[in-house]
Amino acid sequence: MSEQKFLWWKKAVIYQIYPRSFRDSTGNGIGDLPGVLEKLPYLDEVLGVDALWLSPFYPSPMKDFGYDVADYRGVDPLFGTLDDFDRLLEESHRRDIRMIIDLVPNHSSDQHRWFQESRSSRDNPKRDWYIWADPQPDGSPPNNWLSVFGGPAWEWDENTGQYYLHSFLKEQPDLNWRNPEVKEAMFDIVRFWLDRGVDGFRIDVAHYILKDPEMRDNPQNPRPMSSIHKPLGEYDSQMHLYDKGHPDVHEIYRELRVLLDSYGSNQPRVSIGEIHIFDWEEWSRYYGENLDELHMPYNFSLLGASWSADEFRRLVGELEAHLPDGSWPNYVLGTHDDHRLASRYGRGQARVAAMMLLTLRGTPTIYYGEEIGMEDIHLPPEMELDPAHAQKRDANRSPMQWTAGEQAGFSPPGGQDPWLPIHKNYRQVNVASEKEDPASMLSLYRSLLAVRKEFPVLQNGSYEALTDSPKNCFCYFRKTSRQTLLVALNFSREPRMLPDAVKSKDILLSTRLDRKGPADGPLTLRPLEGLILDL
Ligand code: GLC
């Protein structure tokens, strides 16, 4: 692959920051942009990530903690100011760290000026910026579509006598992307941030923006299982054929790509879509027939996997087999919408998973706190804040654990209680302590990031599964013409011997961080041990 084509986002390790939970610089219990700025030296010099993805920081009533945007061109006072954003961007770039921001095109907040106008009367010029429809003759909603967060996807508006569509909360009305003015307005917003210098966008529920123009009813789901990697309650009772993912969506992403590409080759920009589709063919269409749509649809397939080497091998194989020619893969093991890795699989398992994430072929995204092994918090129901009750996402959004001191160093001393409780394990699980511990999870992530930099084969080499992996081990080669590495991951709680064929090996890294260098004779993986070997 020519260097020319091997763009920054293919080499990068992306780090997702949920600004509310990263670092509170003011003491109000809520993280903010100056807090992120303060922690750049950590992200750069300690961890060594290449790009940040910031979850929404825009002005918002915070019904869905910022995914309900009231102004796409500003910063919520809770998080700081536009100047704070510019400073953060400038300082990140000075450190050679790219900045990806969240774009939420499917819906705005009901407090957005556009929606306020839209709902004011049927003949308001913005009426058609949202999806309005008449009731059925008996007064019931226009069709059977459901909200991802529960209940019908339609809300009655008494004042104008119509329903509006909301695929998520009723405070998040869906924008009407069939109206060219909406597209233009959103593309202008994209230009606004590109002109400020951002390096790209993570596009929220990118496949939802276009629905069936006839608004047909969804059929019932004959299988009592979720269409994505986790159960969504009542939403799973339907097959979501008509309420999202209409093929016209591809035209929009082709146009968006032209816009991004027009920003030239000096600073190539990236688009990554949040796309929860588990039919590989349909998923891969978002790269575009001529690789002219999104640079990458996020690959969430591993998030629902059970702890089984065979299952991970199968999913990676399926992804590799379905990637369009010339397209680039990516992997995700944690997000602000999913339970923590160590809580899903266990702590020892999380170390093996970290090695896998950072050595598979493709761009990895690390969710904040995974690098120190943060775990889910358990909240009594009366303390839950997440409006998506079925998903319990508060659990994985607790404040970052920086120190063993007061409030885990999340807020300055004497600050208010953080917006979500800090995990009880913060005295052991925190950046300051783990930095000093050569065997910690943080030391493992640092070493993995360092090995990725030292051995570019981990960035640009091919992927090939080892066919005779020991039982419940996932082993794969990463190869270029000059170098071959083997990654050997033992998912079992038993020692496993690597096949004799794996010869003349040099251990580059063990997940236990206690062995390195030449290994003579047969090599055994200890229980839940992962190794990177130079062959
Ligand atoms: C995406 C976000 C999630 C949000 C939803 C609605 O799935 O990741 O956090 O609640 O969109 O905007």
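E155 stands opposite Y164, a residue of strand β6. The strand that pairs with β6 here is β5, and four bridges join β5 to β6 (residues 162–165) in an antiparallel arrangement. Strands are DSSP runs of E with at least two residues, numbered from the N terminus, and two strands pair if DSSP finds at least two bridges between them. The model is predicted: local features need pLDDT of at least 70 and side-chain atom pairs count only at pLDDT 80 or more, whereas totals for chains, interfaces and linings use all residues. Residues are numbered from 1 along each chain as its sequence is written, and side-chain values use heavy atoms, with hydrogens and water left out.

These strands belong to an open sheet of three strands in the order β4-β6-β5, with antiparallel pairing. Its edge strands, β4 (132–133) and β5 (154–157), each pair on one side only.

The ligand is surrounded by 14 residues, each with a heavy atom within 4 Å of the ligand. The closest are D64, H107, D204, E274 and D337. By class, this shell comprises seven charged residues (Asp, Glu, Lys and Arg), four nonpolar ones (Ala, Val, Leu, Ile, Met, Phe, Trp, Tyr, Cys and Pro) and three polar ones (the others, Gly among them).

The protein covers 96% of the 310 Å² of accessible area (Shrake-Rupley method, 1.4 Å probe) that the ligand has on its own.
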